[in-house]
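Trainee: I am new to this one and would like to go through the terms used for it. Please show me the sequence and the structure before we start.

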Amino acid sequence: MEISDNLRLVEANIAAACKRAGRKREEVKLIAVSKTHPVEAIKEAIRCGIRSFGENKVQELKDKLEKLDESLDWHLIGHLQTNKVKYVVGKVSLIHSLESVRLAEALEKEAVKRGVIVDVLVEVNIAGEDTKFGVLPENVEDFIREVAKFEHIRVKGLMTVAPIAEESEENRKYFKNLNKIMVDLNSKNIHNVSMNVLSMGMTGDYETAIEEGATLVRVGTGIFGHRDYSI
Ligand SMILES: *Cc1c(COP(=O)(O)O)cnc(C)c1O
């Protein structure tokens with residue numbers, strides 16, 4: 001299928017999920033995850049009205065930024081190494097993958113240098129998987145209290161990559177729990193922390209995530225087709 005057809009389908013699914021959940025369509029932003037796909041595919045998505053894109057590797061993001069219109073809304077959704085913060089601070093609108101104090105320190109330093117505020121999400125390893133990055137649910141509060149001390153970092157919300165599942169229903173409990181963690185933390189009035197962004201849901205489970213309160217969904221395969229890592 002063409003990118004335009006895929007996008008029509010994803011858009012219809014998002015609208016239907018919002019309706020089921022009694023939410024407004026504007027409450028959910030679609031991020032087109034363009035990793036491994038060429039700039040031409042991104043341009044095609046732009047022609048279809050998409051402005052928000054997600055990449056998981058800094059080098060690839062950097063290459064694509066150079067070739068595309070500066071006004072796009074970029075999201076770094078993958079693991080960020082401290083020695084690469086200079087390539088993303090001031091370049092992306094949101095970093096979804098804050099998960100260590102060391103990274104927060106590096107981001108703070110770069111933000112001060114550039115005189116900007118860095119918006120971030122804390123990545124939560126919601127199912128406690130050994131293979132995943134992210135702060136464990138039971139450690140999120142302590143972690144956020146640590147990060148809140150950095151004046152140039154603003155924690156906007158939480159992000160998770162749910163387990164690979166046969167059925168999206170299997171992940172509903174994780175999405176529900178991430179939402180609950182955010183609500184609980186907001187009720188604690190932590191200085192410098194007021195969260196309202198929930199980045200959860202990918203091609204296999206974004207509709208379920210929307211039903212459970214996602215405000216950002218990250219869809220790659222459902223828009224651009226399968227990724228070929230061999231090239
Ligand atoms: C690749 C990726 C996605 C998109 O995955 P699809 O299943 O292709 O939609 C979303 N989030 C993150 C963090 C990713 O790395």
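**Strands, burial and contacts**

Mentor: Strands β1 and β2 run parallel to each other and are joined by two bridges. Keep in mind that this is a predicted model.

Trainee: What makes β1 and β2 a pair?

Mentor: The requirement is at least two bridges between the strands. β1 and β2 have two bridges, in the parallel sense, so they count as paired. Across from Ala32 stands Phe53 of β2.

Trainee: How many bridges join β2 and β3, and in which sense do they pair?

Mentor: Four bridges, again in the parallel sense. Ser52 has Asp73 of β3 opposite.

Trainee: Which residues of β2 point which way?

Mentor: Ser52 and Gly54 point one way, Phe53 and Glu55 point the other way, and all are buried.

Trainee: What makes β3 covered on both faces?

Mentor: Asp73 and His75 lie on one side, Trp74 and Leu76 on the other, and all are buried.

Trainee: How many aromatic pairs are there?

Mentor: The count is one aromatic pair. Phe53 and Trp74 form it, with 5.7 Å between ring centres and 40° between the planes.

Trainee: Why is the pair of Phe53 and Trp74 called tilted?

Mentor: Ring centres must lie within 6.5 Å, and planes under 30 degrees apart count as stacked, over 60 as edge-to-face. The centres here are 5.7 Å apart and the planes make 40°, so the pair qualifies and falls into the remaining class, tilted. Phe53 belongs to β2 (residues 52–55) and Trp74 to β3 (residues 73–76), so the pair ties together parts that are 21 residues apart in sequence.

Trainee: Why is Phe53 called buried?

Mentor: Buried means under 20% relative accessible area. Phe53 has 0%, so it is buried. Trp74 has 1%, so Trp74 is buried too.

Trainee: Where is Lys35, and what does the UniProt record say about it?

Mentor: Lys35 sits in the loop between β1 (29–33) and α2 (39–47). The UniProt annotation "modified residue: N6-(pyridoxal phosphate)lysine", from an unreviewed entry, covers Lys35.

Trainee: Is Lys35 buried or exposed?

Mentor: Its relative accessible area is 15%, so Lys35 is buried. Leaving out residues up to four places away in sequence, Lys35 touches Gly54, Glu55, Asn56, Glu60, Lys64, Arg227 and Tyr229.

Trainee: Which residues does UniProt list for "domain: Alanine racemase N-terminal"?

Mentor: That unreviewed entry lists residues 7–227. The span is 37% helix and 17% strand, and its end C-alpha atoms lie 17 Å apart.

Trainee: How do you know that α4 reaches close to its expected span?

Mentor: Helix α4 (residues 101–114) has 14 residues and reaches 20 Å from its first C-alpha to its last, and 20 Å is the expected value at 1.5 Å a residue. After α4 comes Gly115, with a positive phi near 65°.

Trainee: Which residues of α4 are buried, and what covers them?

Mentor: Leu103, Ala104, Ala106, Leu107, Glu108, Glu110 and Ala111 are buried. Their cover includes β4 (94–98), β5 (118–123), α5 (140–147) and β6 (153–159).

Trainee: What makes β5 mostly covered?

Mentor: Six of its six residues are buried. Val118, Val120 and Val122 point one way, and Asp119, Leu121 and Glu123 the other. β5 pairs with β4 in the parallel sense over two bridges, and Leu98 has Val122 as its bridge partner in β5.

Trainee: Why does Asp119 count as buried?

Mentor: Asp119 has 18% relative accessibility, and the limit is under 20%; therefore it counts as buried.

Trainee: What makes the link between Asp119 and Arg154 a polar contact?

Mentor: The cut-off is 3.5 Å between N or O atoms. The side chains of Asp119 and Arg154 are joined at 3.2 Å, so the distance meets that limit. Asp119 touches Arg154 and also Ser93, Leu94, Ile95 and Lys156, not counting residues up to four places away in sequence.

Trainee: Where is Val89, and is it buried or exposed?

Mentor: Val89 lies in the loop between β3 and β4. Its relative accessible area is 1%, so Val89 is buried. Among the residues it touches are Leu107, Ala111 and Val116.

Conventions:
Residues numbered from 1 in each chain as written. Predicted model: local features only at pLDDT ≥ 70, side-chain atom pairs only at ≥ 80, totals over all residues. Heavy atoms only, no water. Phe/Tyr/Trp six-rings, centres within 6.5 Å; stacked < 30°, edge-to-face > 60°. Buried < 20%, exposed > 50% of the residue type's maximum accessible area, 1.4 Å probe, protein only. UniProt positions renumbered as here; feature names shortened; annotations may be inferred. Contact = heavy atoms within 4.5 Å. Expected span 1.5 Å × (residues − 1). Polar contact = N/O pair within 3.5 Å; in protein donor to acceptor, adjacent residues only side chain to side chain.
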